[in-house]
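Please read the following note beside the sequence and the model.

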Protein chains: 2
Amino acid sequence: MITRKGRYSFIFSDKPQILGYAAVAGPKESEGPLGKKFDKIYYDPKAGLDTWEEAESQLQKEALSIALSKSKLTAEDVDFVFSGDLLNQCISSSFGLKAYSIPYLGQYGACSTMAQTLIMGAIAHASGAARLCACVTSSHFCSAERQYRFPLEYGGQRTPTAQWTVTGSGCCILGTKKGNHPRICGATVGRITDLGVTDANNMGAAMAPAAASTILDFFADTGTSPQDFDRIYTGDLGFVGSKLLYDLTEKAGLNIRDKHRDCGLLIYDREVQDVHAGGSGCGCAASVLCSHILPGLENGRFKNALFIATGALMSPTSCQQGQTIPSIAHLVHISTDK
Amino acid sequence: MITRKGRYSFIFSDKPQILGYAAVAGPKESEGPLGKKFDKIYYDPKAGLDTWEEAESQLQKEALSIALSKSKLTAEDVDFVFSGDLLNQCISSSFGLKAYSIPYLGQYGACSTMAQTLIMGAIAHASGAARLCACVTSSHFCSAERQYRFPLEYGGQRTPTAQWTVTGSGCCILGTKKGNHPRICGATVGRITDLGVTDANNMGAAMAPAAASTILDFFADTGTSPQDFDRIYTGDLGFVGSKLLYDLTEKAGLNIRDKHRDCGLLIYDREVQDVHAGGSGCGCAASVLCSHILPGLENGRFKNALFIATGALMSPTSCQQGQTIPSIAHLVHISTDK
């Protein structure tokens, strides 16, 4: 069962375990610091298919396939798949997963979706509605770029605050099994935050307030502090958003600098790779979670991690209509403590 | 707690109740057979705002506001809001609900989203993760038409199989309270079905196989038959899709004609209103649920209803790339039996 803590958080008594996981990535990601940690790399941005959208679907399909095989499970064992992506109508998910014939529940939290799928999967498992859940998200630089910004052929200049959408996917299988698997201990569901940022080339600034709000809610609700955790990972704030997150949390009297890492800064080498403020996208937090954070927990490099994926909830239409960029962040506490 | 039944279904031991609900609609819907049953009608398609997208957000905002006030609750009482719509990146939901500051979990199941939000809300409530959940979806003829088809100014001809996107929203508040509220007894989460339909002007045909599959799964899993229910409501199959649903279920030896009603056929008078094969959209199933189905249960007109919302999981991009239209249907069993 699940017990609510404070206003926005809750903890699991029988902590759902992450039985298996996989990360799949593209060529640029293979050249970054985590390049050797991915389960599979597609060096062709179209993954041998006709379109970038089909390639992105392929990333999800493959991430789920590898996660199942690493968990020694098949699609028939899985009761629900929670999935989402950044494309209009979430087509990477629906086209990528349709062949599996697993009961499907599409999630949309922009780049926060990986944390959201873990929360939904853990709740479904704890409630008894599902014995095993799969949680998967993806993004693709080329499909995102042409949908959100410009045709790639145009060669548009990017601002220094812009982030590079990760071509990648990550998948976790949740359930209960003997063994020292990472466990989902608790979570905080975020509220939509909007401080009035309108620059669609500065997602980090739009999302930092949502990350700060959710992190502060979690510590207040659970009576914990950054010292109680080994790592605090954000999804894709990048260089600009991470600095703003420090400003906002320090204003509230909380110093997280030592513990904080951002998936968007871990996946690329900003000195060498032309990614401006860092990585972003649903596939950023997901592929770093499944190639770096979960292995770190399993190897005992650290025991207690907070995973806070952040999402910007605008669309090209809302931006063209002059609207601000509402954002959200969901937090998941993952630990190898029993 | 929740107990699984068969391969795809589950039932609730403490059945979450629908404590309050509201339906909001537009001008064309006000002229239909349910016109007098909506809680609020916006006669201006822009709801006094600058854009159709803002108007659609307003529908959700108002539906939630009325549902809360009918439940004698405030936004502060609600632990999670599950919400979704048809617009790119679900902006009707994020912009419509951001002012409430309720922890937000975006859902995407195209026109099946209302059933999906009820399933997620009921699971979250049963697990203990949330005491009260709000479930809300919307659609808007004008915002959907220009996104999925043509600019309205173009005056494109519609095929006889085309459906009319409902301008409307519906919201339910789930929780536990004394009183004879409709209860969520069980559910079946749908699998993505794709029989190869490629005509984006014939959504009914694309979605009927998903509806048939989920309905057959539910009866097989629970050992029930159409005779055990007073009504079987589908979301927006329309005239064409409903006929195909009968063909498909009858092939499997199941006759549902007497019990079946389609929200897309209930909301408009096809003889008088120019809606071709009927209504569609996230707001179709949602506004009919909250103006017609739930009042029917509360008034004792019937006691046991199945609510199966259906969704087509394509996007304009996937259609332009020549892809088929994958579909899904989620089923919720709602009853006033304790």
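Which residues does A:Pro45 touch, not counting residues up to four places away in sequence?

1. A:Pro45 touches A:Trp52, A:Ala55 and A:His140, leaving aside residues up to four places away in sequence; contact means heavy atoms within 4.5 Å. The residue lies in the loop between β4 (40–41) and α2 (52–70) of chain A, where helices (H or I, at least four residues) and strands (E, at least two) are DSSP runs numbered from the N terminus. A:Pro45 and A:His140 are 95 residues apart in sequence and 8.5 Å apart in space, C-alpha to C-alpha. A:Pro45 is partly exposed, with a relative accessible area of 35%; buried means under 20%, exposed over 50%, and partly exposed in between (1.4 Å probe, protein chains only).

2. This is a predicted model, in which local features need pLDDT of at least 70 and side-chain atom pairs count only at pLDDT 80 or more, while totals for chains, interfaces and linings use all residues. Residues are numbered from 1 along each chain as its sequence is written, chains are lettered from A in the order in which they are written, and side-chain values use heavy atoms, with hydrogens and water left out.

3. At the interface, 62 residues of chain B are in contact with 62 residues of chain A. The area buried between the two chains is about 5,000 Å², of which carbon and sulfur atoms give 60%; buried area is the accessible area (1.4 Å probe) that two parts lose on being put together, summed over both. In chain B, B:Arg4, B:Gln89 and B:Ile192 lose the most area to chain A, together 14% of what that side buries.

4. Of the interface residues of chain B, 100% are also interface residues in chain A, so the copies meet through the same surface.

5. The rule finds six salt bridges across the interface, a salt bridge being a side-chain nitrogen of Lys or Arg within 4 Å of a carboxyl oxygen of Asp or Glu. B:Asp79 and A:Arg4 meet in a salt bridge at 3.4 Å, N to O. These two residues are also linked with A:Arg7 and B:Arg131 in a network of salt bridges.

6. Over all chains, the count comes to 24 salt bridges. In one of them, A:Arg158 pairs with A:Glu145, with the closest N and O atoms 2.9 Å apart. This pair links distant parts of the chain, 13 residues apart: A:Arg158 is in the loop between α5 (141–148) and β8 (164–165), and A:Glu145 is in helix α5. A:Glu145 is buried, with a relative accessible area of 8%.
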